[in-house]
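Take a moment to look over the picture before reading on.

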Amino acid sequence: MPNHVRCCYERPGNPDKDHVVTMIMPGHPLAGETAILGCYKQPELKELNVGDIIIAKDNFRLSKNNVDYLGDAVAPFLQPTSKSYVELQQELKTSEVTVLPASRELSDDPGLTREYTIEISNLEHKKFFEKYAAECKRGNLEAGRKLIGFAIDQLSAAKQFDLPEGF
């Protein structure tokens, strides 16, 4: 899995926080180091057995105490210990999803509604989108609108791009 790191579960973190304590497994430059992984909305990760595998994003950063590393667990459908785990076989050919505009009564400003066609070529993204759309009342339409809105909010908050002031 690209940009994913296998970690070995050691113990739950602070009971009031959504995180677990793990050890980064061999195959990564930080192998053997302690990693505290955020597991937001994945309480089942706090109840694993010592030695169980947790898949983390390869976004480790040194904590303020300069001893442990901080990181994030991947989504539940990518966790081998999760009920919603989807085993990734191989890259499928590109699928196309059309995201249509929201209905006028749901749209904040109908004058700004647009229609987009998005190609999903990454198998992980495709599987996630299909599972998420199945949970949404309006299927692909609602899932696409929510995911794009979420992505825009996250990128704006992260200030990852050189956007003009006010974005």
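How many residues does the hairpin that joins β1 to β2 run through? The hairpin links these two strands through six residues.

## Before we start

This is a predicted model, in which local features need pLDDT of at least 70 and side-chain atom pairs count only at pLDDT 80 or more, while totals for chains, interfaces and linings use all residues. Residues are numbered from 1 along each chain as its sequence is written, and side-chain values use heavy atoms, with hydrogens and water left out.

## The sheet

Strands here are DSSP runs of E with at least two residues, numbered from the N terminus. Two strands are said to pair if DSSP finds at least two bridges between them. With that in hand, follow the open sheet: its six strands come in the order β4-β1-β2-β3-β6-β5, with mixed pairing. The edges are β4 (53-57) and β5 (61-62), each of which pairs on one side only.

Five bridges join β1 to β4, and the two run antiparallel. Five bridges also join β1 to β2, again antiparallel. Strands of a sheet pair through backbone hydrogen bonds, either parallel or antiparallel.

## Cys7 and its surroundings

Now zoom in on Cys7. On the β4 side, its bridge partner is Ile54; in β2, Cys7 stands opposite Ile24. Contact means heavy atoms within 4.5 Å. Leaving aside neighbours within four places in sequence, the contacts of Cys7 include Leu37, Asp52 and Phe60.

## The nonpolar cores

A nonpolar core is a set of buried Ala, Val, Leu, Ile, Met, Phe, Trp, Tyr and Cys residues joined through side-chain atoms within 4.5 Å, where buried means under 20% relative accessible area, exposed over 50% and partly exposed in between (1.4 Å probe, protein chains only). The largest such core has 16 residues, and Cys7, Val20 and Leu45 are among those with the most contacts inside it. Strands β1, β2 (19-24), β3 (34-38) and β4 each supply at least two of its residues, and the largest share, three residues, comes from β1. Another core, of seven residues, lies apart from it and includes Met25, Ile55, Val74 and Leu78.

## Thr81 in its loop

Finally, find Thr81 in the loop between β6 (69-72) and β7 (95-99). Thr81 counts as partly exposed because its relative accessibility is 36%. Leaving aside neighbours within four places in sequence, Thr81 is in contact with Leu45, Leu48, Asp52 and Ile53. Thr81 and Leu45 are 36 residues apart along the chain, and their C-alpha atoms are separated by 8.2 Å.

Key:
Helices (H or I, at least four residues) and strands (E, at least two) are DSSP runs, numbered from the N terminus.
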